[in-house]
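Reader: I am new to this structure. Please show me how to read its features, one at a time.

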Amino acid sequence: MTMAETVDANERELVETALKAMKQAYCPYSKFPVGAALLTKDGTVFSGVNVENASYGGTICAERSAVVSAVTNGHREFKAIAIATELEEPASPCGLCRQFLVEFGNYDVILVSSTSKRIVKSTVRDLLPGAFTPKSLDKHAGNSA
Ligand code: THU
């Protein structure tokens, strides 16, 4: 694998899981498969794919699918998420997914291209500076009880 950034063994495994998950994407309309692999604090990995819908707005992205799966199984603390697409320049999560990811704090984001194998690393906070978070609500008078 040729990579722009180096990854350790755990990150490599997460990247491989995202690439594998990508093959399960349900994207008959966009034909743009996305796979995500979310690593929890205790080392469990939850995968997600984009699941499109004939009513296009009903589509859920891979990142949110992975978060929903993790939270459904009782996990709310994350170490990293790997996101795989076919774009040669690894694609970055959409705005809605960034907001969804930041809900659960700051952790690593590892983008990978299935075609070029390029990897780009960042963090949730890097992707969404000045985010509106659960803490923002704490500051609101109505929530200070
Ligand atoms: N998509 C994702 O799964 N994650 C993103 O962050 C960006 C977009 C999906 C949604 C849709 O199924 C397809 O990619 C094209 O937008």
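Reader: Which residues surround the ligand?

Author: First, a note on the source: this is a predicted model, where local features need pLDDT of at least 70, side-chain atom pairs count only at pLDDT 80 or more, and totals for chains, interfaces and linings use all residues. Residues are numbered from 1 along each chain as its sequence is written, and side-chain values use heavy atoms, with hydrogens and water left out. A residue is near a molecule if one of its heavy atoms lies within 4 Å of it. Here the ligand is surrounded by Ser30, Phe32, Val34, Asn50, Glu52, Thr59, Cys61, Ala62, Glu63, Pro93 and Cys94.

Reader: Which residues does UniProt list for "binding site"?

Author: UniProt positions follow the numbering used here, feature names are shortened, and annotations may be inferred rather than shown by experiment. The unreviewed UniProt entry lists Asn50, Val51, Glu52, Asn53, Ala54, Ser55 and Tyr56.

Reader: Where is Asn53 found?

Author: Helices (H or I, at least four residues) and strands (E, at least two) are DSSP runs, numbered from the N terminus. Asn53 sits in the loop between strand 2 (45–49) and helix 2 (62–72), and Ser55 is also placed in the loop between these two elements. The Asn53 side chain reaches the backbone nitrogen of Ser55 at 2.8 Å.

Reader: Which residues have the most contacts inside the largest nonpolar core?

Author: In soluble globular proteins, nonpolar side chains tend to be buried together. A nonpolar core is a set of buried Ala, Val, Leu, Ile, Met, Phe, Trp, Tyr and Cys residues joined through side-chain atoms within 4.5 Å, where buried means under 20% relative accessible area (1.4 Å probe, protein chains only). The largest core has 20 residues, and Leu38, Ile81, Ile83, Leu101, Tyr107, Val109 and Val124 have the most contacts inside it. Helix 2 gives the largest share of this core, 4 residues. Apart from this core lies another of 14 residues, among them Leu14, Leu19, Ala82 and Ile110.

Definitions and conventions: Polar contact = N/O pair within 3.5 Å; in protein donor to acceptor, adjacent residues only side chain to side chain. Buried < 20%, exposed > 50% of the residue type's maximum accessible area, 1.4 Å probe, protein only.
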